[in-house]
Amino acid sequence: MTEQGEKRVENKVRYKHYTMPTGGWGSLKSVAMDIIQQRALKTAPGLLKDHNKVGGYMCTSCAWAKPGKPHLGEFCENGAKATFWDITSKRTTPDFFSRHTVRELLEWPDYDLENQGRLTHPMRYDAASDKYVATTWEQAFADIGQHLKSYDPASVVFYASGRASLETSYMYQLLARLYGNNNLPDSSNMCHETTSVALPESIGTPVGTVLLEDYDHTDCILSFGQNVGTNAPRLLHSLQEVRQRDVPVVVFNPLKERGWQEFVNPQSPGQMLTNKATQIATQYHQVSAGGDIAVMMGMAKLLLTWDDEAKTAGAKRVLDVDFIAQHTHGFDIFEAAVRAADWAEILEISGLSYAAIEAAAKTYAKANAVIAIYGMGLTQHRYGVSNVQMLINLLLMRGNIGKPGAGICPVRGHSNVQGQRTVGISEKTKLVPLDKLAELYGFEPPREDGLNTVEACEGIVNGTVKAFISLGGNFVRAIPERDLMELKWRDLDLSVQIATKLNRSHLITARTTYILPTLVRSEIDQQLSGPQIVTMEDSTTCIHASRGKYRPAHDMLLSEPKIVAEIAKHALAPNPKVPWDDWVGDYALVRDAIAATYPEPFHDFNGRLDIPGGFPRPVAARHRQWETEMQKANFKLPKSLCSSFAASEDRAILRLITLRSNDQFNTTVYGYDDRLRGIHKSRMVLMMNADDRIRFGINKNGLARITTAVDDGVVRTMTNFEVIDYDIPSGSCAAYYPECNALIPLWQYAEESKTPAAKSVPVRIEPA
């Protein structure tokens with residue numbers, strides 16, 4: 001939809017297999033086009049000087065680590081686009097809202113909504129005119145506060161996206177607990193909550209054990225279910241250096257992603273002039289959706305066989321028997337399960353040949369220090385927890401936790417999604433020092449677990465949730481069961497959306513709805529004590545400072561800490577021990593409060609802000625200290641060889657993988673081209689194995705209807721997907737997130753973590 005409100009007419013999808021490397025001239029061209037489209041030419045010099053640099057600002061895109069010795073340009077294509085979209089000169093003003101009804105805007109694509117530019121004024125939805133109208137900050141806070149005072153605290157949800165700083169997140173979780181609940185779901189619930197459940201049971205920590213320097217010492221990398229070219233492109237710098245040392249990189253992923261194949265470093269003049277790429281993956285295994293446990297079981301089975309042979313021959317053992325004896329629990333039971341696993345079942349479920357699994361296992365067995373990388377390709381399955389724990393089992397068999405160059409490395413999405421959990425954004429009370437909060441702030445925190453994302457959705461559906469406060473994000477667009485959720489969302493009494501740009505969540509209105517515009521991280525945050533510093537935690541647990549460098553988009557904007565503080569002041573009884581105004585005036589005081597609440601990881605917080613590369617939080621498993629019940633790392637038995645829905649002989653059912661394009665970050669769509677997959681002009685695309693397409697009677701480049709293959713009385717169907725023949729295993733297919741969220745049942749999630757199972761949705765495909 002253009003500014004004039006005309007419907008976008010999508011051209012027929014254009015698909016041509018992309019053969020160029022990741023990075024290189026293709027990336028530079030895409031970045032240059034985005035600078036122009038967002039009218040952000042003045043931003044470009046700051047990318048080199050300030051982006052992810054000490055004294056500068058931290059990227060609002062992914063959470064990948066920032067090196068102590070940064071590259072000339074410490075940014076990637078998506079990070080640059082995120083910044084251009086933050087610092088765009090486009091504005092979404094009250095005048096824009098006066099020209100468009102909400103009903104009209106609901107017809108606009110996601111891209112066109114956010115492409116209107118930065119929000120400038122607090123807005124309130126007016127049902128009589130079906131338009132948003134400008135309001136004052138004081139009126140907004142007063143009305144929100146009165147609403148919140150009228151509810152049962154259990155009926156209010158305080159959601160947080162993963163971009164808010166540690167300072168804001170700490171204040172926000174305190175607001176919720178002072179209000180009277182632990183209803184603090186966040187975007188982690190939708191992606192890496194599985195990690196937060198799986199890792200503590202296995203190794204005693206909810207986070208990865210790898211630091212950036214471990215890539216300098218590793219001699220093998222395994223990757224499962226992670227698309228580095230789209231989701232963490234700056235990791236390609238470390239991977240390139242690893243490959244220059246001839247270290248093998250073994251990749252398991254259903255789709256062959258260009259980021260794992262070839263990379264041309266835009267900061268290498270030699271590579272740019274010659275276009276001579278670095279080959280990243282030395283082995284690439286296209287596992288079937290839901291088949292990762294079977295792959296790892298096969299590798300474990302081969303390790304045991306080779307260890308038996310070594311033991312008989314009196315040769316060096318394949319297993320690290322000393323590590324297993326000293327540091328682990330449950331190996332005997334695990335060993336018996338591995339030996340009993342059936343090869344025929346392993347091969348059928350994994351979709352790989354015996355030779356492929358053997359090649360991967362041989363590479364792993366030869367290495368002394370192995371890093372295992374993974375993403376949502378492991379976490380977003382019914383048995384996602386077993387996926388992650390089976391990968392840990394594989395590492396434990398050869399002692400690859402707690403030594404240089406080895407460990408587990410979950411790649412997080414949002415730039416501070418891990419850090420929010422660190423400072424209390426969690427619905428699980430066992431993860432939060434409630435007694436310390438009680439001591440510091442003189443109140444009795446609620447002791448019952450709150451609602452996670454799925455439970456919050458269930459509460460909205462059944463009417464027990466009355467109000468929803470959203471600290472960033474596009475919640476309605478990100479969650480499963482979209483059609484039902486949009487219908488039930490309108491029954492909410494209050495929706496408060498703290499945001500930088502217009503998105504669909506703002507248009508699915510409650511009885512009372514506010515949009516509260518805020519600063520972005522790269523903008524100067526001027527408060528009483530001067531320009532402020534905020535902090536965040538990266539995927540490797542390192543804490544970084546961020547200083548805004550650009551003039552705010554509008555004088556009416558407030559910072560996130562200011563908005564949180566004002567909501568708290570208007571909704572809560574005064575508490576002299578909670579200095580909301582002092583905190584807003586000087587964020588260093590918030591960091592002092594964080595350090596008082598979490599003294600071990602945050603001691604001397606303000607004194608360590610500018611350590612190059614950030615300062616790491618302590619992780620006991622890095623030192624082979626296991627904070628588990630047995631004080632040892634645990635081998636955990638997988639629930640099934642297949643992490644997806646139950647295997648079926650009905651070949652009419654495929655497993656749908658939802659995924660992002662390289663012109664996208666989470667729900668923010670920067671354009672309609674997925675360059676790295678060769679797909680252009682549309683996102684309503686279904687990637688299918690050609691044999692499956694023919695089997696279902698769909699013409700080449702024809703249209704398809706997708707229907708979720710579950711029997712729960714609800715029909716979930718989407719149509720007019722343009723089908724392309726794609727290199728994907730038979731039985732699996734792929735389409736874009738968040739468009740396909742309407743196909744995911746709310747109840748289809750990882751069993752222990754309730755992370756939506758978006759990587760293996762059972763579907764039926766038919767011609768449209």
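Biologist: Two strands pair if DSSP finds at least two bridges between them. Which residue in β6 is the bridge partner of Met-123?

Modeller: Ala-134 is the bridge partner of Met-123. First, a caution: this is a predicted model, so local features need pLDDT of at least 70, side-chain atom pairs count only at pLDDT 80 or more, and totals for chains, interfaces and linings use all residues. Residues are numbered from 1 along each chain as its sequence is written, and side-chain values use heavy atoms, leaving out hydrogens and water.

Biologist: Got it. In what sense do β5 and β6 pair?

Modeller: Antiparallel, over four bridges. Strand β6 spans residues 131-134, and strand β5 spans residues 123-126. Helices (H or I, at least four residues) and strands (E, at least two) are DSSP runs, numbered from the N terminus.

Biologist: How many residues sit between the strands of that hairpin?

Modeller: Four. Asp-130 in this hairpin has a positive phi near 60°.

Biologist: Which residues make up the covered face of β5?

Modeller: Met-123 and Tyr-125. Arg-124 and Asp-126 are on the uncovered face. Strand β5 also pairs with β18 (residues 512-517), antiparallel, over two bridges. There, Arg-124 has Tyr-514 as its bridge partner.

Biologist: Is Gln-497 buried or exposed?

Modeller: Buried, because its relative accessibility is 2%. The cut-offs are under 20% relative accessible area for buried, over 50% for exposed and in between for partly exposed (1.4 Å probe, protein chains only). Gln-497 sits in strand β17, residues 494-499.

Biologist: New topic. What is the order of the five strands in the open sheet?

Modeller: The order is β12-β9-β8-β14-β15, with parallel pairing. The edges are β12 (283-285) and β15 (407-410), and each pairs on one side only. Neighbouring strands are turned by 15° against each other on average, ignoring direction.

Biologist: Over how many bridges do β14 and β15 pair?

Modeller: Four. Strand β14 covers residues 370-374. Its Tyr-374 has Pro-410 in β15 as bridge partner.

Biologist: Which strands does helix α17 lie across?

Modeller: Four names here: β8 (220-224), β9 (249-252), β12 and β14. Helix α17 (residues 354-366) runs at about 135° to β12. Axes are lines fitted to C-alpha atoms, for helices over the stretch in contact, and angles run from 0 to 180 degrees between N-to-C directions.

Biologist: And the three-strand sheet: what is its order?

Modeller: It goes β2-β10-β11, and the pairing is mixed. The edge strands are β2 (22-23) and β11 (278-279), each pairing on one side only. Strand β10 (residues 262-264) is antiparallel to β11, over two bridges. Phe-263 stands opposite Thr-278.

Biologist: Helices next. At roughly what angle do the axes of α7 and α26 cross?

Modeller: Roughly 50°, and the axes come within 8 Å. That makes α7 oblique to α26. Under 35 degrees counts as roughly parallel, over 145 as roughly antiparallel, 65 to 115 as roughly perpendicular, and the rest as oblique. Helix α7 is residues 137-149, and α26 is residues 560-571.

Biologist: Which residues in α7 and α26 meet?

Modeller: On α7 they include Trp-137, Phe-141 and Leu-148. On α26 they include Ile-563, Ile-567 and His-570.

Biologist: Last one. How many residues apart in sequence are Tyr-111 and Tyr-672?

Modeller: 561, yet their C-alpha atoms are 8.4 Å apart in space. Tyr-111 lies in helix α6, residues 110-114. With 11% relative accessibility, Tyr-111 is buried.

Note on methods
Contact = heavy atoms within 4.5 Å.
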